[in-house]
Amino acid sequence: SKTVMVQCGRFESTLRITRVSLRIEFSRVKGSTSKVLISKLHMVGAVEDEYPAAATNYLVTSERSGHAKQLIAWCYNVPMVTPSYLEALLERKMPSDPMPSVEDHGLKSVDKHEFWDETPNPKLLSEYTLLSVESNEIEKLAVAAGAAAGLRPPPLVLSACSHRLASCMMT
């Protein structure tokens, strides 16, 4: 991100202006559409996120379904838009032009679950800790729903530890 400092007036008040990029993630966008849009993100000051997170601005997808990236975006209240939203964003002539409306670029819903229209509970899994061998999308989903997460040793290490513990207890 770029930062500019501006000093104004007789008392030299200082303004600090920082450009913050739009953060966009893609999920199940069909064909070469996502590659074309990703290659143009810089034209609107956007960057691609690896996974949706609280700082993600939009999840671009062709249709709503219960896949992990979409559930993570829902947990963080990230708006889900169609590729046409990015196309409309790219068609703006001036930065001062209004942003496209999320409602105008709504999703077809393959998944008919009613929870999509609900506000997610960010503390849904706050009493849980997820232990996993590697960081993956299930861990990211659990964290998005409020769980703590950490890596645990692989099963072979756990087996060796429990064997040593059992032999110590016998002596």
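**View 1. Val60 and its bridge partner in β7.** In strand β7, Val81 is the bridge partner of Val60, and β5 and β7 are paired in the parallel sense over 2 bridges, where two strands count as paired if DSSP finds at least two bridges between them. The model is predicted, so local features need pLDDT of at least 70 and side-chain atom pairs count only at pLDDT 80 or more, while totals for chains, interfaces and linings use all residues. Residues are numbered from 1 along each chain as its sequence is written, and side-chain values use heavy atoms, with hydrogens and water left out.

**View 2. The open sheet.** The order β4-β3-β5-β7 describes an open sheet of 4 strands with parallel pairing. Its edge strands are β4 (46-48) and β7, each of which pairs on one side only. Strands (E, at least two residues) and helices (H or I, at least four) are DSSP runs numbered from the N terminus.

**View 3. The buried residues of helix α3.** Within α3 (residues 83-91), the buried residues are Pro83, Tyr85, Leu86, Ala88 and Leu89; buried means under 20% relative accessible area, exposed over 50%, and partly exposed in between (1.4 Å probe, protein chains only). These buried residues pack against β3 (22-27), α1 (33-40), β5 (58-61) and β7 (80-81), with contact meaning heavy atoms within 4.5 Å.

**View 4. Ser27 in strand β3.** Ser27, which is found in strand β3, counts as buried because its relative accessibility is 4%. Not counting residues up to four places away in sequence, Ser27 touches Leu59, Val60, Thr61, Ser62, Lys69 and Gln70.

**View 5. Ser13 in strand β2.** Ser13 lies in β2 (residues 13-18) and counts as partly exposed because its relative accessibility is 45%.
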